[in-house]
Amino acid sequence: MMTAVLNRLERTIVDDLPVPARPAPRPAAAPTGRGLAITLSNVRKAFGEREVLHNLDLHVPAGQFIAVVGRSGGGKSTLMRQIVGLDAPTAGTVRLDERPVDGLQPDVRLLFQEARLLPWKRVLDNVGISRGAHWREDARAVLADVGLAERAHDWPAVLSGGQRQRVALARALVSKPGVLLLDEPFGALDALTRAEMHTLLLRIWAARGFTTVLITHDVGEAITLADRVIVLREGSIALDVDVDHARPRGHGDPRLAALETRILAAV
Ligand SMILES: Nc1ncnc2c1ncn2[C@@H]1O[C@H](COP(=O)(O)OP(=O)(O)OP(=O)(O)O)[C@@H](O)[C@H]1O
């Protein structure tokens, strides 16, 4: 009984999620890691009198990598909360494939700017926390994927910021999510570590095929990584462009200069 309560508490701390207003629906089957399409139809979100998302229509095909950029307060985090089911739209619907989002979605995982690891758990336990029978093997495999196989028994406190973010990524991926939502995940990292994380994320995304939504203030980062960039301005989509250039792409890539100018003009 006590263990069950502690496990529940830890999951809440790990994800830093408030208890959802409605019970989370059980997934029809165990998540497979296959990408899920995200569809927003006429989504409005108001806080009291104030509407912060205005009639959004957006379709993200399964497995696509999109970046959402925009000024502070434009509604990016609010949009993300609707996709994971932390918050319900005032009107309109959000779907993952055909399934309406009507509560917290277990196959959508989040990564934030801070790694939010449990300091009293070793790396392996942070990754595998509350994950069922094979959690140890699954956690070891995903730690190897992010290049931290050797650090499984370390405490979070002895890791660098970039390594902690890798652990957080491993924790997000161990349950094989269909959608990964990243809210400014690399904002606190130095330029070299950020570039390493970009390479790592692209490699894992290409191998696993989950649908990815990256929120970032950095237009250069958006066009380096994403298939498509959305500019969210004052709660509406001001621009929606494909980035057709082959990867790898670097910051300052001359092929992308015109696109960057176009996006910056819309932000
Ligand atoms: N729970 C809430 N109650 C009232 N207003 C809110 C709430 N959550 C967000 N807002 C408002 O909605 C607007 C959009 O906020 P949101 O956090 O989605 O913007 P953002 O684009 O993610 O900004 P940032 O880049 O600074 O993170 C802001 O004006 C914010 O004050």
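Me: Hi! Where does Asn 55 have its place?
Reply: A word on the model before the answer: residues are numbered from 1 along each chain as its sequence is written. The model is predicted, with local features needing pLDDT of at least 70, side-chain atom pairs counting only at pLDDT 80 or more, and totals for chains, interfaces and linings using all residues. Strands (E, at least two residues) and helices (H or I, at least four) are DSSP runs numbered from the N terminus. On that numbering, Asn 55 belongs to strand 2.

Me: What is the phi of Asn 55?
Reply: Most residues other than glycine have a negative phi. Asn 55 is not a glycine, yet its phi is positive, at about 40°.

Me: In what order do the four strands of the open sheet stand?
Reply: Strands pair here if DSSP finds at least two bridges between them. Strand 2 (50-60) and strand 5 (99-100) each have a single partner strand, so they stand at the edges. The pairing is antiparallel, and the order is 2-1-4-5.

Me: Which residue in strand 4 is the bridge partner of Thr 39?
Reply: Strand 1 (residues 38-47) and strand 4 (residues 91-96) run antiparallel and share five bridges. Within strand 4, the partner of Thr 39 is Arg 95.

Me: Helix 2 packs on this sheet, so to speak; what angle does its direction make with that of strand 1?
Reply: Contact means C-beta atoms, placed from the backbone, within 7 Å. Angles run from 0 to 180 degrees between N-to-C directions, with axes fitted to C-alpha atoms, for helices over the stretch in contact. Helix 2 touches strand 1, strand 2 and strand 4, and its direction makes with that of strand 1 an angle of about 120°.

Me: How are helix 5 and helix 6 oriented to each other, roughly parallel or roughly antiparallel?
Reply: The axes of helix 5 (residues 161-173) and helix 6 (residues 191-208) come within 11 Å and cross at roughly 20°. Gly 162, Gln 165 and Leu 173 of helix 5 meet Thr 193, Glu 196, Met 197 and Ile 204 of helix 6. Angles under 35 degrees count as roughly parallel, over 145 as roughly antiparallel, 65 to 115 as roughly perpendicular and the rest as oblique. The two helices are therefore roughly parallel.

Me: Six strands form another open sheet; which are its edge strands?
Reply: The order is 6-7-8-3-9-10, with mixed pairing. The edge strands pair on one side only, and they are strand 6 (108-111) and strand 10.

Me: Which residue in strand 8 does Asp 183 stand opposite?
Reply: Strand 7 (residues 179-183) and strand 8 (residues 211-215) are parallel and paired over five bridges. Opposite Asp 183 stands Ile 215.

Me: Which residue in the turn between strand 9 and strand 10 has a positive phi?
Reply: Six bridges join strand 9 (residues 228-233) to strand 10 (residues 236-242) in the antiparallel sense. The two strands form a hairpin with two residues between them, and the one with a positive phi of about 50° is Glu 234.

Me: What is omega for the bond that joins Arg 247 and Pro 248?
Reply: Pro 248 lies in the loop between strand 10 and helix 8. Most peptide bonds are trans. This one is cis, with omega at about 0°.

Methods
Contact = placed C-beta atoms within 7 Å.
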